[in-house]
Structure formats: structure tokens, C-alpha cells
Amino acid sequence: MEDQDKLLNDITTQEYQYGFVTDIETDVIPKGLSEDVVRLISFKKKEPEFMLEFRLKAYREWLKMKSPEWAHLRIPPIDFQETIYYAAPKTSPKYQSLDEVDPDLLETFKKLGIPVEEQKHLAGVAVDVVMDSVSVTTTFKKVLAEKGIIFCSFSEALIEHPELVRKYIGMSVPPTDNFFAALNSAVFSDGSFCYIPKGVRCPMELSTYFRINTAGTGQFERTLIVAEDDSYVSYLEGCTAPMRDENQLHAAVVEIIAMDRAEVKYSTVQNWYPGDKNGVGGIYNFVTKRGICRGESSKISWTQVETGSAITWKYPSCVLIGDNSVGEFNSVALTNHHQQADTGTKMIHIGKNTKSTIVSKGISAGKSDNAYRGLVKVMPGATNARNYSQCDSLLLGSTCGAHTFPYIEVGNKSSIVEHEATTSKIGEDQIFYCNQRGISTEDAIGMIVNGYAREVLNKLPMEFAVEAQKLLAISLEGSVG
Amino acid sequence: MSIISEKISQANRLVSLFEQSRETLNQGSSQILNRMRDVSIKRFAQAGIPDFKNEDYKYTNLKPSFEKTYHQELVRESGLINLNEVFKCNVPQLDTHLVFLVNGWFYSGNKPGANLPEGVVLGSLEQIANERPELLENYLNRQAALSNDSIVALNTAFAKDGFFMYIPKGVVIEKPVQIINLLSSDDNLMATQRNLVIAEPGSQVKILVCDHTLTSSAVLFNTVSEVFIGEGAMVDVYTIQNYHNQSTTINSAFYKQQRNSTLLTGAISLHGGLIRNNLKVTFSGDHCEASIYGLSFTDKKQHVDNFTMIEHASPNCLSNQIYKNVLDDESTGAFAGRIHVARDAQQTNAFQRNNNILLSDKARMQTKPQLIIDADDVKCSHGATVGQINEEALFFLRARGIGEKDARLMLMNAFAHEVIQKITIEPLRDQIDELIEKRLKGEISHCHDCNYQCGS
């Protein structure tokens with residue numbers, strides 16, 4: 001027992017390992033939010049008229065909205081006038097090759113353990129790096145262009161493919177969807193745009209790294225993925241923020257649209273700065289992610305590993321409109337110290353024979369609170385819909401909390417919905433079993449936590465799974481070895 | 001007697017009725033009841049009548065029920081009905097200590113004391129609050145006051161009578177105590193009933209509550225029951241609800257358990273317009289056990305909402321909940337269960353399950369089981385399913401020559417039986433089995449043996 005206590009103590013006092021600030025000159029506008037700031041952002045980005053209207057509409061609606069209070073979170077009041085809404089690396093040139101990229105920036109990614117050049121060689125991953133809101137480098141663009149795939153920063157897309165952006169933006173997350181989505185719609189600085197044409201199977205995994213760097217900057221990126229009929233894409237998103245003392249706001253929006261028989265796989269590893277062990281600092285992560293299966297037999301799957309952020313408020317959702325469409329949600333959420341997470345999903349079944357699966361694994365340690373919140377809604381017309389949800393929580397230590405808030409609404413007789421949730425700590429018998437076989441308590445806890453999360457980690461693409469396991473290790477088993 | 005006028009907001013109407021009839025309400029009522037009224041009506045006025053904007057009432061909107069004009073019996077209106085003529089108990093084989101309540105008032109013809117063990121008090125809350133206030137002093141409104149449900153506050157403001165039961169230390173009441181609530185009025189009726197049960201350490205009691213409507217006019221029935229279970233005491237409470245389609249029932253029950261005590265409670269909703277059952281169990285000592293069951297059958301446009309909250313405030317306690325609903329026609333059902341394990345309530349076992357069968361495409365089921373866990377050494381689980389009768393099981397029966405209709409009935413009966421078999425009073429169990437079979441066949445929409453055709 002003593003060993004275990006010491007171990008838990010080690011684990012729960014571990015500090016953030018990615019805290020450093022990259023010294024790059026950035027172009028910053030004065031802090032605060034007003035209609036002028038919205039216009040300024042739009043102007044600086046040389047956006048078409050419709051985009052400015054979109055932003056202004058969202059801003060005006062946002063003014064009427066209130067910050068949501070229903071989550072199981074203690075959110076300190078956020079002063080939206082204290083945030084800087086636009087920060088772009090000052091010399092935002094378009095690099096042709098990696099050699100031209102600022103060495104400091106490359107160093108940053110090296111510290112993250114994911115050097116861009118190495119990745120480039122490793123598995124043919126095209127990385128569109130978003131560093132403080134503006135896309136700095138885009139690789140493998142040619143290979144993708146040959147197939148007709150558009151993968152570029154949002155600003156580029158607005159200039160080069162305004163008609164596509166105009167057609168799809170706001171389709172799955174309307175600008176007035178909720179408080180944070182409206183805020184994002186008004187001030188988003190950049191993000192990624194991805195368009196997969198009919199019948200194309202994207203030959204490589206697309207990837208983006210988001211990173212908050214300038215002190216006091218809000219990161220408002222926006223991702224839009226459109227998969228046309230019979231296409232396939234796997235998209236990876238990773239986040240890391242350096243150490244800061246004041247809380248920073250992150251309000252992102254991700255929209256996915258899948259047409260007939262298209263499949264989109266969206267994987268996230270989120271490792272924003274969680275604050276130190278006294279709960280000082282850390283990112284507020286308020287994200288709206290939603291995918292629409294518009295076409296028949298389309299499929300959207302969300303996989304997330306959440307280990308960072310002081311506060312996480314995130315519900316990647318699927319709206320299953322097309323008949324026979326499929327939605328999936330796999331999540332590992334780990335909270336430590338004073339972190340708070342309220343995360344889960346929504347599965348809205350509208351089409352016939354739609355299917356959804358939810359697997360959520362929560363791990364709480366320290367003084368953290370970890371909540372799963374989910375909605376499964378079967379509309380009367382969604383005959384033969386099927387859902388299976390499983391939400392497990394693992395508690396490490398007696399001062400943390402694990403909560404489950406599922407909502408199930410079924411509107412027809414031919415649908416089957418199942419929900420299952422369990423909460424427990426690591427059994428002493430399990431540790432005893434390992435000890436008996438010569439495995440130390442440290443290794444045993446490591447094995448059990450990893451085994452517990454494996455079901456979800458297995459869903460991640462290979463390169464990501466390695467990183468995710470490393471993150472779990474850093475957050476929990478670092479001292480376990 | 002007062003008729004509530006229309007036009008002003010429904011909540012305000014009730015508040016002004018309260019203001020107008022404050023004297024009538026206080027008249028004849030003990031100070032213990034009267035002193036709670038003003039605070040409670042204020043709380044009700046602030047919160048108003050809950051609708052789906054209120055998270056706790058997300059799936060049940062009470063506003064339409066309160067829109068009707070109701071008659072409220074603010075003082076006892078005697079000589080209403082000849083009980084024996086209109087009502088025969090639907091559990092005839094059952095030998096019980098029987099008492100009646102009419103429209104929330106303890107019926108004066110009751111003679112409950114006769115065969116009860118010495119020291120047991122069973123009677124009218126109004127009367128006992130006047131005669132022996134020391135019995136109620138430390139208990140009345142101690143739990144209900146903590147609730148933030150405005151309907152409970154409304155009850156406290158208007159409550160005048162109900163049943164009161166006191167079981168002294170170590171006393172075991174062998175025969176079940178049966179409480180029959182009758183609702184009968186020529187006008188639309190709003191009835192308020194307030195009950196209190198105190199089971200002293202080591203005592204045992206089984207209480208069976210049967211609710212019936214004996215009228216065809218609209219009814220709004222607001223009951224609040226508080227049950228205190230002393231150390232090592234065992235209490236069973238069964239509620240059988242049978243109302244007509246124009247009725248609205250809000251039935252709030254609060255249980256507080258001391259260490260080593262055991263509670264078994266079951267709510268069987270056979271028939272009703274809108275039924276909302278609020279149930280809260282608080283474990284304030286260790287090694288408590290609570291088994292909580294619910295079963296409902298709905299059709300037409302009926303609505304049943306079970307809202308439970310289990311507060312694991314002490315370590316080493318066990319709670320187990322099973323709620324089942326069978327929904328037909330355009331009926332809707334809701335279940336919201338919350339288990340809260342407090343920070344130091346280690347070694348807690350808490351289980352919760354909600355299974356539902358939808359028989360028609362217009363029926364809807366909404367369920368939100370919730371776990372809030374702040375301790376680590378716990379085993380907690382919840383599960384919820386919404387589905388249909390298992391086709392394979394149906395095939396199995398049909399392959400053995402059983403007609404489809406019969407096979408379906410058998411399977412539904414089996415589905416319900418998991419809850420029914422938990423009833424520890426055997427004749428009652430058999431009777432309920434039979435009632436449910438008839439209910440499922442559509443043969444009765446009113447209770448067996450009851451002369452009043454109230455089920456229309």
C-alpha cells in the first residue's frame with residue numbers, strides 16, 4: 001500500500017513537461033473585442049465579403065448569449081476584453097521547403113517530440129502547422145493536389161476556393177450554435193480546410209498541430225472537412241501549449257460534412273497546458289466539434305485523447321441524417337491536479353438504420369473532476385437505429401471525482417439503445433495479482449491504466465497512438481517507468 | 001372552499017389563493033405545520049411551476065396541468081362517500097391494517113389502532129400534530145425543506161393533513177399497513193397530502209399505499225412523504241398508482257436512513273394521466289441498504305416520470321435501483337436517476353438500471369441516469385436500455401405453438417416480473433401479477449373489484 005501511495009503521490013505531483021516559449025516575433029492587435037476588431041481581423045486576412053458578414057452576424061448573436069453554466073465545471077468568470085484576438089507570426093512567408101522554416105519553430109516541435117522533418121520521412125504525413133493562428137508551412141501539398149484533394153489553411157481556402165467555403169461553412173456548426181461557437185465564428189483567425197473530391201481515398205493521414213504561443217492570446221481556429229461521395233480521409237489534430245500563468249482561452253470549431261458513402265476519421269490528441277499542481281494557469285478549452293453524415297452509408301468517427309487543459313468543455317458530435325450512416329466516438333480523458341473536464345458526445349439519429357457507438361474512458365487523479373456528458377437521440381423517423389454506449393471511469397486517489405451524465409431519448413419502437421457505465425478504482429486484487437507474478441506495483445498501475453485505455457488507443461492511427469501512449473505515460477506513469 | 005380565478009399566471013394564482021385563505025389554512029392546524037407556510041409559499045412564488053426549462057423537469061412539463069381551474073379543500077369536507085359501497089380493496093386476500101384517506105384527508109371513520117402493537121401511532125397528521133406535537137417536532141419538513149423542487153414547497157405551504165405513523169423502538173408490525181388514498185370530487189380537484197413516518201431503531205414495518213381516483217373530473221394530486229428510518233430498522237414501502245387519464249400526480253418521497261437500516265421501496269404505476277415520482281434517499285449512517293424499484297405501464301397519452309436521487313453521504317452503503325417501463329400508443333416515459341457519492345463515502349456500492357420497452361412508434365422514452373462520484377473506493381454502475389421484445393425469444397415461444405399475442409404477453413410479463421418478484425408481501429405479489437396481466441391484455445383500465453369505472 002505504501003508503495004502505491006508514494007506512486008500516486010509521484011504521479012499526482014508531476015509537472016508539465018512542455019512548458020517553454022518560442023521566441024518568434026508576432027503581429028498582435030490590441031486586446032479586447034468589438035465590431036471593429038472583427039472587421040480588422042477580416043480585413044487583415046483579406047477575406048471576401050461574405051466572410052465578414054458571417055463574422056458580424058455571429059458577433060451580434062454572441063452579444064445576446066450567455067456563457068453556458070450547465071456543465072459540471074467551476075469556470076472562473078472570463079473577461080473577453082482581456083484577450084488578444086489576433087496574433088500571427090510577423091514574417092508570415094510561404095516556405096517552399098522545411099529548410100527555410102524558422103529554426104526556433106522547428107526546435108519547438110523537436111521538444112514536442114514530433115519533429116516535422118522526421119514525420120515527413122516517417123509515414124508520409126502532411127503536416128499543416130498552425131502556430132499562433134496562421135498556417136506557416138504546408139507540406140505534401142503537391143501529392144495531394146494530384147488527387148484533387150484540397151488541404152490548406154483556412155485563409156488560403158478563402159482566397160483560392162471561396163465558393164467551397166461559402167457552401168459548407170456553418171453547415172454543421174451554425175455561427176449561432178452556442179456561446180463559444182458564436183465567439184469563434186466572429187473572431188476565428190485561421191484553421192484548416194480539407195476537401196476530398198468524389199471517389200478519392202486520401203493516400204496519407206492529414207495532420208495539423210495547434211499551438212498557443214503568444215502570452216494572452218486566444219486561439220480560435222476553425223477546421224472544415226468536406227468528404228464528397230465515396231471518399232475517405234483520416235485527419236489528425238494535436239495540440240500543445242507552452243507554460244503560462246494566466247489562463248488562456250481556446251474556443252475552436254470543427255465541422256465535418258460526409259456525403260454518400262464517405263468516411264471521415266478524426267483523431268485528436270489534446271495536451272494544452274493544464275495548469276500547475278496548485279491549479280494556477282492552464283488553458284480553457286471550449287470546443288464545438290460536430291460532424292454531419294449527410295449522405296447514405298456515410299461514416300464519421302471521432303477519437304480523442306484528452307490529457308491537457310485546465311478546463312475542457314468539448315462534445316464531438318455526429319448528426320446521422322443519411323440512411324445507414326454510422327457515428328463513432330472513442331475517448332480517453334485524463335485529469336490530474338486541479339483539472340476539470342466535462343466532455344462527451346451527441347449522437348442524433350435522423351436517418352433509418354443509423355448506428356452509433358460510444359466508448360468513453362475517464363481517468364481522474366489528484367483533485368480533478370472528470371465528467372462524461374452525452375446525448376443519444378433517436379428521432380421518430382430513425383427506424384431500426386442502434387446505439388451502444390459504454391462509459392467507464394477510473395479513480396486514482398480519494399480527492400478526485402468521476403461523473404456520468406448520459407441523456408437518452410428514444411422516439412420509435414424499432415430502435416435499440418443501450419448505455420452502460422461503471423466507476424471504480426484499480427482493484428487491490430489486480431495489483432496483488434501482478435505483484436504475485438513479480439511485477440512491481442509501479443509497473444502494475446502502468447499496465448492497468450494502459451490496458452484500460454487500450455480499447456480507445458487502438459483506434460488511433462499508428463503514429464498518433466505512439467504519441468498518445470507517451471502522453472498518458474507523461475501524465476501518469478512518468479515516474480512509473 | 002375556494003375556486004381559483006383564471007387569467008393571472010398559474011403560480012401567482014396559487015400564491016394569491018394562499019394569501020386570501022391564510023386564516024383558513026392555519027385554522028385547526030398545529031403550529032408545527034403553520035410555521036412552515038410563509039417561507040414555503042415564498043419559495044414557490046420565486047421558483048414558479050417547473051417546465052422543461054428546469055433541468056430536473058426537462059422531460060415533464062407541469063404547466064398545462066396547472067392551467068386548469070381546481071377546487072381545493074382547505075378545510076375538511078366531511079360525509080363524502082360511503083367507502084364500502086364504492087370501493088373494495090383490490091388485494092382482497094391480504095390481511096392488513098387498513099386506513100383510508102379521502103382527497104388527502106385522513107378519513108374519520110378509520111379505526112386503525114385496534115390491532116396494532118402497543119406504542120404504535122397511526123393516524124391523521126393534523127390530529128396528531130395538535131395532540132402530540134413532540135412526536136413530529138424533530139422530523140416534520142426536515143428533509144422536504146432541503147428540496148429545491150417548487151412543487152414540494154407548494155405542498156408545504158398548503159399541507160394540512162395526511163397520515164402519520166410512529167413505530168417505537170424494536171417494535172415489529174407483522175401485518176402490512178395499507179393506506180388507501182381516494183380522490184373523489186364533482187369538480188376539478190387539487191389535493192395536497194402530507195405524510196410522515198418515523199421508524200425508531202430496530203423497528204420493522206411494511207407499508208402499502210394504494211392511490212385511486214373515484215371521479216372523472218380532473219385531479220391534481222400533490223403528496224409529500226417523509227420517512228425516517230432509525231438504526232437497524234427495516235421499512236418496506238410499496239406504492240400502487242391507479243388514476244384516470246385526466247389526473248396529474250406529483251408524488252415526492254424523502255427517505256433518511258440511519259446506520260444498518262434497510263429500505264425497500266417500489267412504485268408500480270398502473271394507470272395515470274401524468275405521474276411524476278420524486279424519490280430521494282439519504283444515507284446518514286454507514287452500512288445502510290436501499291433497494292428501489294419502479295414499474296410503469298402507459299398507453300394513450302399518458303406520461304410517467306421517475307426522478308430519483310440517492311445521496312451516499314456515509315461509507316459502506318449499498319443502493320440498488322431497477323426501473324422498468326412499458327410504453328404503448330402515444331405515451332411518454334422519463335427516468336432520471338442520480339447517484340451522488342460524497343467525498344468520504346468509501347466502500348460504496350451503488351447500482352442503477354433502467355430498462356424500457358417501446359410498443360408503438362409514437363411512444364417515447366427519455367432517460368438520464370447519472371453518477372456523481374467524489375470518492376475513489378467505490379463500485380458504481382448504471383445501465384439504461386430502450387428496445388423491443390426480443391425477436392428470438394418470441395420465435396422460441398412461437399416455435400412451441402404459442403400464438404404471437406400470447407407469446408408477447410408472456411414476455412412482457414416476464415419483463416415486469418423482475419420488479420414484481422422483489423415484493424416481499426406474497427399475496428400482494430400474486431395480486432399485482434394478475435393486475436399486470438389484465439393491464440397488458442387491456443381488460444382493465446381500472447382496478448379489479450372496484451365498482452367505480454374510473455379508468456376511462
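How many bridges join β23(A) to strand β21 of chain B, and in which sense do the two run? The legends below begin with this pairing. The model is predicted: local features need pLDDT of at least 70, side-chain atom pairs count only at pLDDT 80 or more, and totals for chains, interfaces and linings use all residues. Residues are numbered from 1 along each chain as its sequence is written, while chains are lettered from A and ligands numbered from 1 in the order in which they are written.

**View 1. Pairing of β23(A) with β21(B).** Seven bridges join β23(A) to β21 of chain B (residues 378-387), and these strands run antiparallel. Two strands are said to pair if DSSP finds at least two bridges between them. Within this pairing, Glu418(A) stands opposite Thr385(B). Helices (H or I, at least four residues) and strands (E, at least two) are DSSP runs numbered from the N terminus.

**View 2. The side of chain A that touches chain B.** In the interface, 32 residues of chain A are in contact with 31 residues of chain B, a contact being two C-beta atoms, placed from the backbone, that lie within 7 Å. On chain A, β21 (386-395), β22 (401-410) and β23 (416-425) each supply at least two residues of this side. By class, this side has 13 nonpolar, 14 polar and five charged residues. Here Ala, Val, Leu, Ile, Met, Phe, Trp, Tyr, Cys and Pro count as nonpolar, Asp, Glu, Lys and Arg as charged, and the others, Gly among them, as polar. The model scores ipTM 0.79 and pTM 0.83.

View 3. Because 10 of its 10 residues are buried, β22(A) is largely enclosed by the rest of the structure. A residue is buried if 20 or more other C-beta atoms, placed from the backbone, lie within 10 Å of its own, exposed if 12 or fewer, and partly exposed in between. Gly401(A), His403(A), Phe405(A), Tyr407(A) and Glu409(A) point one way from the strand, and Ala402(A), Thr404(A), Pro406(A), Ile408(A) and Val410(A) the other way. Within chain A, β22(A) pairs with β20 (residues 369-378) in the parallel sense over 10 bridges, and Tyr372(A) stands opposite Thr404(A).

**View 4. Helix α9(B) and its cover.** In α9 of chain B (residues 150-158), nine of the nine residues are buried, including Ile151(B), Leu154(B) and Phe158(B). Among the elements of chain B that cover them are α1 (10-20), α4 (37-47) and β10 (219-229).

**View 5. Two loop residues with positive phi.** His337(A), which is not a glycine, has a positive phi near 45° and lies in the loop between β17 (326-335) and β18 (340-349) of chain A. With 24 C-beta neighbours inside 10 Å, His337(A) counts as buried. In chain B, Asn103(B) has a positive phi of about 50° and is placed in the loop between β3 (97-102) and β4 (105-106). Asn103(B) has 26 C-beta neighbours inside 10 Å and therefore counts as buried.

**View 6. Confidence along chain B.** The mean pLDDT of chain B is 87, and 91% of its residues reach 70 or more; pLDDT is the predictor's confidence in each residue, from 0 to 100. Over residues 1-7 of chain B the pLDDT stays under 50, and the model has 14 contacts beyond four places in sequence for them.
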